[in-house]
Amino acid sequence: MKVSIALSLFISGAAIASALPSSTETVEADCVKPYLCCGELKTPLDSTLDPILLDLGINAASIVGSVGLLYFANELTASGLIPPKALACLNGYAIIDLNSIHRNNPSPANLNIYPYKAKSDAPYSIAENTLRAAIHIPRSFSHKWDKKIPVLLVPGTAVPAAITFYFNFGKLRRALPESELVWVDLPQASLDGIQLSAEYVAYALNYVSALTSSNIAVISWSQGALDIQWALKYWPSTRHVVNDFIAISPDFHGTIVKWLVCPLLNDLACTPSIWQQGWDANFIQALRSQGGDSAYVPTTTIYSSFDKIVRPMSGENASARLLDYRGVGVSNNHLQTICANNAAGGLYTHEGVLYNPLAWALTVDALLHDGPSNITRIDTKKIYEQLPQVRALKFDITYYDRDSVSPGYWFVAPYGVIDPEPPTKQWKPCQVGPYIYDADGTLIWAGSCLYDNRNIFDFKAVPNIDGGSYLSFILQHAYRNDGNDKGTGYVLDQHYETEKAVPVTNDLGAFNMHEFNILDGGKAALACSYRNKYMSLGDLGRPDEYGWVVTGGFVELDTATGEVLFEWDSEGYISIDESVKVGPSTPASGEPGWDYIHVNAVDKNAAGEYILSARFTSTIYLISGQDKSIIWRLGGEKSDFVQDFTFSKQHHVRFVESNATHTTISFLNNASDEAEQEEDTSAALIVQLHTSVSPMTAKVIERYSRPDGDLTRLRGSVQKLSNGNVFVGWSERGYQSEHSPEGEVLMEARFASSRFSTYRSYKFDFTGRPIAPPDVVSSVYGTDETDLTTIFHVSWNGATDVASWNFYARVNQAGMPVLIGNTTKLDFETMYIADGYLDWVSVEAVDEDGNVLGTSEIQRTETPSNWRLAGFQGDIMPTPHDPSTLYGDRTIADDDDDGTEDTEEVYLKAQEAAETIYKAWEVIRGVGGLLIFVLVLCSTGGLLAGMYWYFRQRSMQAYHEVASEEGQPLNEPSI
């Protein structure tokens with residue numbers, strides 16, 4: 001066995017050497033759990049792997065890239081250079097029985113999948129028992145749906161499934177216990193026509209699904225992706241049973257490498273499936289026609305620039321990429337782009353991707369979620385290059401009528417626990433605090449780190465100060481408030497700079513978390529107030545008894561000084577017996593006391609009257625701004641209105657309209673709290689009060705029930721938007737929805753994480769103009785001096801209307817900027833890939849009208865600390881390129897003249913480039929043919945040497961084994 005392994009390593013020893021770090025280097029993980037990330041080198045390989053390699057003098061733990069035992073042999077076999085049986089010779093320890101295509105699988109009578117499952121399916125040309133016998137079902141496989149995920153493995157060219165997957169995704173259950181693995185072995189090791197292999201795959205998809213009464217996932221390597229895509233195209237019934245298609249090193253567009261191999265070694269290498277995988281071969285054209293270049297089911301592709309078999313494997317023309325015309329969801333994942341300058345973005349070749357840690361993380365992510373994998377769900381150290389300490393929450397969003405949704409941004413302030421946590425020296429990511437998102441759930445501004453990851457409440461835009469863009473929120477008091485940090489009400493300008501900081505100036509213990517309502521003009525604001533008082537319990541019929549009670553009220557504050565302009569408290573106005581939480585027999589309380597009314601919202605109308613929501617009396621109060629008397633009560637035991645509705649435990653009351661005869665208000669009817677409920681579903685209510693009649697009447701004119709039919713037991717908000725829509729924050733997990741005036745649900749969204757909630761959610765128009773310039777970082781990687789790429793990551797935290805980015809490079813820090821490209825802004829952070837090693841870079845933020853909103857500082861491109869570790873194979877270390885040579889002498893000033901070049905000159909340049917490419921192609925063909933010849937010669941020599949050694953050792957044995965009828969070996973002496 002050592003000889004076979006040594007031969008495998010001998011064939012590609014140079015590739016191993018280029019992947020090994022020097023003895024003085026250490027490889028540090030650049031990502032963190034839960035699964036595997038960019039810098040993590042470990043994968044769940046077979047436990048025998050490391051000892052075997054170590055015995056050969058190779059420390060597998062230090063190898064960057066693929067470390068599979070069969071890796072190098074598989075590379076050559078997959079290219080058609082070594083027959084599959086030769087691989088079996090190399091793999092002395094493999095269980096060849098696992099590759100059988102003659103299995104006795106069950107044939108339940110109710111499968112109904114042959115000769116077709118749907119009439120639109122293509123006819124099978126292979127007998128059903130033959131198709132069924134090729135499916136390997138382990139004894140441990142559950143044939144009944146038990147919340148496990150059936151996963152079908154489909155191999156590539158010339159390598160059976162068991163050998164392909166044994167040391168990689170055959171171990172998937174270690175990383176994902178919820179998975180159940182089966183695989184399909186294809187006759188002639190997939191060397192026959194791909195359309196024949198696809199019949200086996202199509203049958204296996206429907207068979208495993210029917211056997212388990214569930215949908216399945218499918219993982220492919222190399223040609224296996226073509227088998228699956230052909231099956232999905234011509235057996236449409238399979239599309240309804242596949243939840244996830246994960247393609248490792250796929251060649252959906254074929255490969256140009258086939259044209260290097262076939263002319264030289266036609267009889268040996270060019271079997272039907274090899275011919276069919278040529279770039280734009282007839283088979284590939286047929287597959288990609290009529291939408292076959294687009295996914296049929298949620299699809300995740302994972303591929304590497306260092307793939308020697310499938311080319312090209314980078315950029316927009318990468319053979320692995322699929323489109324998404326059908327909107328089923330596609331995630332194309334290029335390892336060197338996602339993990340640039342990290343171990344997982346290093347030298348991973350065709351089979352090596354099967355062992356890549358990021359490939360594992362993406363696979364597990366796809367299997368655990370609806371749709372394809374999403375790199376943002378993987379817990380890496382750097383979600384955003386410019387904000388590495390921020391872990392902005394993601395939204396899960398559903399739109400039902402996107403065209404009817406009001407324009408604007410979402411304002412939320414996620415928190416984990418309601419009370420301040422004790423300080424700790426442990427590092428925590430910035431997740432708690434104020435955030436702005438657009439209507440696609442794309443992050444616009446992350447303010448959590450600016451306020452030390454402390455709880456923020458009532459975060460919103462303030463449009464009523466002077467027509468400008470402002471923000472307001474409450475910064476909660478510090479842990480164990482000693483009076484030095486009682487919390488603060490903040491007003492920020494559109495540059496995210498503090499306009500006003502409103503402190504607590506009276507005897508209140510803290511700035512209450514419930515309300516910071518900026519009144520028109522911005523000179524005053526309303527806040528809730530709580531006071532602990534030792535009071536008589538006479539309201540409960542116990543005049544001789546005293547106890548502690550928390551009274552509730554509100555203050556009107558001068559936003560410039562924090563001075564209290566008006567204050568109202570429930571003592572003397574709202575009796576204790578109005579509370580739904582305190583009864584005649586409730587024992588007296590010690591300090592702080594009964595929170596008997598729990599105020600949570602206050603607003604003011606043009607007449608100077610205040611409206612107050614008290615949750616624990618289930619009542620809304622109108623209070624005079626003149627004598628502080630209660631003008632009327634709505635709801636509760638002492639309501640002054642004849643109502644056609646009920647409500648309880650409400651939040652966030654607001655005036656919608658108010659005049660002498662009618663008042664319209666909005667609020668959230670929680671209809672429940674932590675301990676009890678009065679109704680089955682919470683709802684936002686718009687209520688009209690007729691106050692000029694006797695008795696006064698109240699009726700619901702608009703009702704918006706929680707879309708999921710559940711209850712919001714705590715918190716929440718209701719906002720009437722300018723176009724008549726209603727935006728409701730249901731609080732828990734950031735759940736929010738938008739409704740049309742007719743009551744139709746237009747949108748609903750919630751945090752992807754269940755660990756966080758937001759007290760209120762708002763939607764406003766807003767214009768953000770940060771003072772700080774855009775952030776840009778850039779890094780360079782490549783395999784040699786002619787294949788260098790600079791990757792930009794750019795963002796501008798808080799800028800609201802950036803439509804695109806212009807990218808510039810300079811030959812030195814003081815050089816003239818050369819425009820190298822531009823791209824549309826699609827996310828908080830935009831990545832841009834440029835050819836060449838660009839040393840000094842900068843970016844411009846541009847709005848949709850072409851106006852430059854901001855320019856970054858000039859930054860220097862980061863280079864790998866170890867070029868070899870990053871995959872560089874050139875003899876001379878890279879040096880920066882002159883951008884004017886690569887991109888023309890275009891500066892900011894003369895870029896507008898671009899495009900005026902003479903047509904004839906353009907044609908001559910194109911012709912010259914074409915001739916250069918053709919010459920390069922001829923060189924590649926010649927060199928490629930020579931390399932292949934050398935590899936075949938080495939392989940043949942190595943195999944002959946191995947066979948000679950094997951038979952020589954065999955002839956020296958004292959005993960040999962002869963199989964008995966019972967299948968047990970018998971030891972007999974040799975003659």
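Tutor: A residue counts as buried under 20% relative accessible area, as exposed over 50%, and as partly exposed in between, with a 1.4 Å probe and protein chains only. This is a predicted model, in which local features need pLDDT of at least 70 and side-chain atom pairs count only at pLDDT 80 or more, while totals for chains, interfaces and linings use all residues. Residues are numbered from 1 along each chain as its sequence is written, and side-chain values use heavy atoms, with hydrogens and water left out.

Student: Is Asp458 buried or exposed, then?

Tutor: Asp458 is buried, because its relative accessibility is 2%.

Student: Which residue forms a salt bridge with Asp458?

Tutor: Arg760 does, with 2.9 Å between the closest N and O atoms. A salt bridge here is a side-chain nitrogen of Lys or Arg within 4 Å of a carboxyl oxygen of Asp or Glu. The two residues are 302 apart in the chain: Asp458 is in strand 13, and Arg760 is in the loop between strand 35 (757-758) and strand 36 (762-764). Strands (E, at least two residues) and helices (H or I, at least four) are DSSP runs, numbered from the N terminus. Arg760 is also buried, at 3%.

Student: How many salt bridges are there in the whole structure?

Tutor: The search finds 30. Another of them joins Lys763 and Glu738, at 2.7 Å between the closest N and O atoms. Lys763 lies in strand 36 and Glu738 in strand 33 (residues 736-739), 25 residues apart. Both Lys763 and Glu738 are buried. Shared partners also join Asp458, Lys460, Glu515, Arg654 and Arg760 into one network of salt bridges.

Student: Changing topic, which cysteines form a disulfide?

Tutor: Cys430 and Cys449 do, with their sulfur atoms 2.0 Å apart; the criterion is a pair of cysteine sulfur atoms within 2.5 Å. The link is right-handed, with 110 degrees about the S-S bond. Cys430 is buried at 11%, whereas Cys449 is partly exposed at 26%.

Student: And the sheet: what is the strand order?

Tutor: The open sheet has 7 strands in the order 1-3-2-4-5-6-7, with mixed pairing. Two strands pair if DSSP finds at least two bridges between them. Strand 1 (135-136) and strand 7 (330-334) are the edge strands, each pairing on one side only. Helix 16 (residues 357-368) packs on this sheet and touches strands 2, 4, 5, 6 and 7.

Student: Where does Asp365 lie?

Tutor: Asp365 lies in helix 16, and is buried at 6% relative accessibility. Beyond neighbours within four places in sequence, Asp365 is in contact (heavy atoms within 4.5 Å) with Pro372, Ser373, Asn374, Arg377 and Ile378.

Methods: Axes are lines fitted to C-alpha atoms, for helices over the stretch in contact, and angles run from 0 to 180 degrees between N-to-C directions.
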